[in-house]
Amino acid sequence: MGPYGSDSTTVSSTACSGPEIDAILTGTGYGLSTSGPCHVANPDYSIPFNPSDVTTWVDSMLTDFNSTSTGNLHLQPIPATWTDQICSPLNPTDSSPSHALIAQQRKEEEDSGIRLVHLLMTCADAVQHGSTGLAAGMVDEMRVLLSRVNTLSGIGKVAGYFADALFRRLYTTETPLSVTDHEVLYHHFYEACPYLKFAHFTANQAILEAFEGYDRVHVIDFSLMQGLQWPALIQALALRPGGPPFLRITGIGPPSPDGRDALREVGFKLAELARSVRVRFAFRGVAANRLDDVKPWMLQATHGEAIAVNSVLQLHRLLTDPGTTPAPVDSVLEWIVGIRPKVVTVVEQEADHNKPTFIDRFTEALFYYSTMFDSLEGSRPHHQRQMALAEVYLQKEICNIVCCEGENRVERHEPLTQWRTRLTNAGLNPVHLGSGAFRQASMLLTLFSDEGYCVEEVDGCLTLGWHNRALISASAWRVPDADVSPDDDSSVIASNSNNCINSNNISGSDDNNRISM
Amino acid sequence: MGAEQEQEQHEQDDDTMNRGYNLNDNVDILAEILTRLDGRSLGVAACVCRLWSTVCNRDSVWETLCDRHVVGGAGDSGTRSVVAALGGYRRLYRLCLGPALDRLTCSGDPADPDKQGWAHLSLSLSLSLFSIDCYERLEGKQRPASLLFLCKPVNVA
């Protein structure tokens, strides 16, 4: 993986990450131009430039404001001034547009935007009722409209993604992302906007407070990714008054496809960081494709240690269609309660994308992701590539919500109120996130370049949103009477499961660096 | 001949007496003065001459500067060793505190005029961000991007 981020003037310099990005974009379908039914008018309507070459696209956006359209283009690149933008489709040679013309253009854009949303809803309704012919016709109509609307920002962009998702639902099957691609996209989403940072910092604060007074602590992370949440916790534990405890981290993640042990590599890095700040540290990786494949004995919870379970955007994947019991999430919550953690930190999207009817889900998703994309644009991340990949990350979520059904649909977001009920029914009590967490979150947000973000406290949980629409929530829970010593059954060795579980131990300390398998 | 040499000696003596106090001879006082500068001026001071550059690169100078701008728990040896392990106060200021303070003073709080535009950042937050950057560097990345959000956005219009 090449270095992330480069100067804004040398966007195309990191060629080594280009093919990976091409692969991601091809995988998401942007490189496809010939598949699909023959009545498709213009295959790559969704992105004006050659979609498999992001660097050229970015270069042209940044530097080439006066290029003429080429080939399949039906949208000009972003011109230097807004007035040029709205006037160029009508009258490219006119250099002094009148105000009436601008107003008319603006109204037409708005009307097109409204018409697009209306079309999207009607099309989704048709899909729900099974009239695929009608839906297909509307998809074509939307394409035509999209060519007249600016799809590089605002409602046009979101509508483009949703129209694309409807197209995929009708004609293609959605393939899931590979593990490495998902990690790359996740990393770019992490850097482009504050949602994940907010989640990590708030969860760390709750974990830190729960670990007070304990000398041996154990964190179980439900999705390790690159472990970006843990350096801050390691540092905070190092500075803890009274000295750092012995920290163990168990990272759960999918097995890497190409044979390299990604979990172990992350563990090494965390161990090195912990060693440099003199925190006694041990790491264990558990590879599992699904969280319900993980059994408590694999986590090796031991007596006397304070356990924290951390789930960032993972629990919703275990849900099923509402009304079908039992959901896998219930069994996972059961064993979480069984290992008697001191704190369970849960971060989830604040949206209701698990409704039983398609049109309801579609509408909710449209509003949620419009706000999300709005905030992405508003915060003006440094690099266009970073923003493009963050958008692909969101686009994958949209496609999963719109295109997939049954077991394939994993993005089953539920709002905080429903999670509260679910977690309370499982036997967990809420922990009030203190004012320290709120202040830290507010301060973090002031560092982001835009002022649309808002942190709110709702019954002891924190939510981060854009312009008063909450988009992500963080909450902390605990097991009642968690001070009682843990039961012995958590360390019973059960028979080995064959679901590609592989675990390894890495421990580092001041004196020696043992790596045991 | 002898009279000319005496004349030169006189002039040299006069020069020594009239040259006065040379700051560069007293490095500790120089350091003490430089600790009172803000980040930008310290960077400029580091370009004056080799001696000043050496003094300005002392981590203790940057530590004093950082301590002025953070609230909460600064100045004890535990913090010092952790910051040193993560890369030092100079790097902490350059990568994290400096850009963050610029950002905070831009969207500054007009109700605090006596702070002279110096904002405060919590130590825990700045160290958290710094530790993430340090962690990304462990992989050998030349330009970890996790702190880029602190830099002022480049206007490409």
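Q: Before we start, what does "buried" mean here?
A: Buried means under 20% relative accessible area. Keep in mind that this is a predicted model.

Q: Okay. Phe162(A) and Phe362(A): buried or exposed?
A: Phe162(A) is buried, and Phe362(A) is too.

Q: How are the rings of Phe162(A) and Phe362(A) arranged?
A: They form an edge-to-face aromatic pair. The centres are 5.4 Å apart, with 80 degrees between the planes.

Q: What about Tyr453(A) and Trp466(A)?
A: That pair is edge-to-face as well. It has 5.0 Å centre to centre and 70 degrees between the planes. Tyr453(A) is in strand β7 (residues 453-458), and Trp466(A) is in strand β8 (residues 461-466). They are 13 residues apart.

Q: Why does Tyr453(A) count as buried?
A: Because its relative accessibility is 8%, and the cut-off is under 20%. Trp466(A) counts as buried too, at 5%.

Q: Which residues do ring pairs link into a cluster?
A: Tyr186(A), Phe189(A), Tyr195(A), Tyr393(A), Tyr453(A) and Trp466(A).

Q: Switching to charges. What lies over the face of Tyr190(A)?
A: Lys197(A), at 4.5 Å from the ring centre. Elsewhere, the charged end of Arg422(A) sits over the ring of Trp419(A), 5.8 Å from its centre.

Q: New topic. Where is Gln226(A)?
A: In the loop between β1 (216-221) and α9 (230-238) of chain A. Gln226(A) counts as buried, at 12% relative accessibility.

Q: Which side chain does the side chain of Gln226(A) join in a polar contact?
A: That of His187(A), at 3.4 Å. A polar atom of the Gln226(A) side chain also lies 3.5 Å from the backbone oxygen of Glu183(A).

Q: And what else is Gln226(A) in contact with, leaving aside neighbours within four places?
A: The contacts include Tyr186(A), Val266(A) and, from chain B, Tyr135(B).

Q: Last one. What is the average pLDDT of chain A?
A: It is 77, and 73% of the residues score at least 70.

Q: Where does pLDDT stay under 50?
A: One stretch is residues 31-51 of chain A, with 33 contacts beyond four places in sequence. Over residues 484-503 of chain A it is also below 50, and that stretch has 31 contacts beyond near neighbours in sequence. Where pLDDT is low, predicted coordinates should not be read in detail.

Note on methods
Residues numbered from 1 in each chain as written. Chains lettered and ligands numbered in written order. Heavy atoms only, no water. pLDDT = per-residue confidence, 0-100. Contact = heavy atoms within 4.5 Å. Phe/Tyr/Trp six-rings, centres within 6.5 Å; stacked < 30°, edge-to-face > 60°. Buried < 20%, exposed > 50% of the residue type's maximum accessible area, 1.4 Å probe, protein only. Helix = DSSP H or I, 4+ residues; strand = E, 2+ residues; numbered from the N terminus. Lys NZ or Arg CZ within 6 Å of the ring centre and 35° of its normal. Polar contact = N/O pair within 3.5 Å; in protein donor to acceptor, adjacent residues only side chain to side chain.
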